[in-house]
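Dear colleague,

Here is the structure I promised to pass on to you.

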Amino acid sequence: MSGQTSVATDVAVTGPAFRHDPVRTVLPLSPSPTPQVRWTTEPAVCGYVQLAHRDTRTGADIPVPVCASPVAVPGVGVVVGTYDGRVRFYERSLAKVYWERQVGGPVYAPLVADHVRRRVVVSTTYGHVAALDLRGLFAWQVETGSAVHAAPAVVPAADLLVVATFGSRCLGLDLATGEVRFTRDLPRPWHAAYGGSAAARDAYASPVSTEDGGVVVACAEHVLCLEPDGSVRWQHEIGHAVKASPAVLGGRGLVAVCSVNGQCLLLDTASGQPRGAVDLGGKVVASPAVSGDFLVVGTQDGTAHGIDVTAPRLAWRAAGYAPREYTSFTVLPDGDFAAVTAGGNAVGLRRADGRFLWETSQLLGLAEHDPAMDVTPVVSPDGSMYCGSYSGVLYHHRFRPTADEEQR
């Protein structure tokens with residue numbers, strides 16, 4: 001598996017290189033052998049749960065949106081945050097809830113794994129950030145004062161959690177205790193000076209960790225690289241808004257930043273100097289992913305673009321397979337890519353050439369059931385995939401085991 005993302009051996013030394021890096025979304029409890037799974041075949045729904053609140057006045061069930069990608073715990077289950085401000089730890093098939101906690105606000109940002117302490121970090125649109133252990137106990141809670149929609153980034157070498165918030169702010173929290181180590185104002189969108197209605201909804205992109213202990217933050221029309229103490233290593237003005245999260249290209253000292261004008265710019269992580277660019281020909285608001293020598297980016301016209309980062313050059317296109325807007329690509333345990341497309345199904349694409357591999361179906365024969373999913377899927381090395389919808393359904397898909405595994 002040379003060049004593929006590892007979630008079992010690298011978690012102690014690497015932070016998330018892109019928004020839905022499995023390092024951020026999978027929390028293994030032990031380095032046990034990974035089962036043999038057919039990642040190139042269509043997974044099937046093997047469990048689901050409808051999340052709803054009963055309106056006591058009308059008696060109607062009101063769906064509770066699942067807006068945040070969860071954290072998978074291989075072999076055990078999945079920790080899920082929902083828009084009603086609750087966090088639940090489900091058994092793998094979703095048939096049982098181990099525990100449920102209230103976190104003080106709607107959960108929109110993806111949950112984040114703390115591998116060292118086996119905790120899950122949850123952020124809310126009311127500005128709360130909290131760490132819970134797998135027994136459901138709060139390790140710490142912090143009020144940031146600003147809405148959090150972006151996934152925080154872990155900087156392992158500094159034991160630091162970096163949180164970008166609306167209102168153009170960035171905080172560094174001690175990952176063990178929640179203590180605020182630094183706060184920093186970020187550059188505001190150009191239209192903030194002219195009363196731009198959406199100016200306060202920034203930063204939207206998720207920070208990512210560099211291999212030398214920095215953290216890259218995209219905001220407004222700028223990209224910054226911060227040191228663990230919050231000081232600025234470098235700052236680069238793109239000239240166009242950045243909504244998609246950056247992606248660090250492992251082993252190359254580069255970070256890819258995709259802006260709304262359709263350009264994918266490669267910057268040196270040490271200096272911020274441009275080292276290359278690829279024009280994609282469409283607006284980018286969904287976040288890319290990296291696997292081996294390939295970066296995959298989706299444009300608003302629905303096209304997935306595979307970039308060979310060794311050149312850099314555009315290596316392939318796959319029409320119709322870009323992620324839903326403001327979601328992300330992720331990486332399967334075998335190194336191929338996955339995303340939920342505009343049609344609401346998850347798809348798999350081969351990283352080397354963009355070849356279509358599979359597409360899910362959530363048609364379950366249920367009355368008044370909207371089968372579309374809305375968030376980035378989280379794929380566990382145990383063969384499970386978890387994904388949710390704004391219509392309040394959480395799904396467990398299962399990939400087929402190999403013949404050897406089926407016989408056990």
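I begin with the aromatic side chains, where Trp39, Trp358 and Phe399 come together as one aromatic cluster. In the chain, the count of aromatic pairs comes to 9. Please keep in mind throughout that this is a predicted model, and that the values quoted here are computed from it.

Turning to the chain as a whole, 2 helices and 34 strands are found in it. The radius of gyration is 20 Å, close to the 22 Å that the globule rule gives for 408 residues, so the chain is as compact as a globular protein of that length. The C-alpha trace spans about 50 × 45 × 40 Å along its principal axes, and buried residues make up 59% of the 408 residues. Of the contacts with a separation of 6 or more, 49% are accounted for by residues 24 or more positions apart.

As for the surface, the accessible area of the chain comes to about 15,500 Å², and carbon and sulfur atoms hold 48% of that.

Tyrosine 395 belongs to strand E34, which covers residues 393-398, and tyrosine 395 counts as buried because its relative accessibility is 0%, where the cut-off for buried is under 20%. Although tyrosine 395 and glutamine 50 are 345 residues apart along the chain, their C-alpha atoms are separated by 9.0 Å.

Histidine 240 sits in the loop between strand E19 (232-237) and strand E20 (247-249), and with a relative accessible area of 35% histidine 240 is partly exposed. Its C-alpha lies 6.1 Å from that of serine 259, a residue 19 positions away in sequence.

Threonine 41, by contrast, is 25 residues from valine 66 along the chain, and the C-alpha atoms of the two are separated by 26 Å.

Arginine 38 lies in the loop that runs between helix H1 (22-25) and strand E1 (44-50), where arginine 38 is partly exposed with a relative accessible area of 27%. From arginine 38 to proline 106 the distance is 36 Å, C-alpha to C-alpha, for a sequence separation of 68 residues.

A cis peptide bond with omega of about 15° joins aspartate 202 and alanine 203, and alanine 203 is located in the loop between strand E15 (180-185) and strand E16 (208-209). The peptide bond from alanine 311 to proline 312 is likewise cis, with omega near -15°, and proline 312 lies in the loop between strand E26 (303-308) and strand E27 (313-319).

Leucine 94 has a phi of about 75° and is placed in the loop between strand E6 (86-91) and strand E7 (97-102), where leucine 94 is buried, its relative accessible area being 6%. For serine 168 phi is near 55°; serine 168 lies in the loop between strand E13 (160-165) and strand E14 (169-174), and with a relative accessible area of 2% serine 168 is buried.

Methods: Residues numbered from 1 in each chain as written. Predicted model: local features only at pLDDT ≥ 70, side-chain atom pairs only at ≥ 80, totals over all residues. Heavy atoms only, no water. Helix = DSSP H or I, 4+ residues; strand = E, 2+ residues; numbered from the N terminus. Rg over C-alpha atoms; globule rule 2.2 N^0.38 Å. Buried < 20%, exposed > 50% of the residue type's maximum accessible area, 1.4 Å probe, protein only. Contact = heavy atoms within 4.5 Å. Areas by Shrake-Rupley, 256 points an atom, 1.4 Å probe, with all protein chains shown as cover. Phe/Tyr/Trp six-rings, centres within 6.5 Å; stacked < 30°, edge-to-face > 60°.
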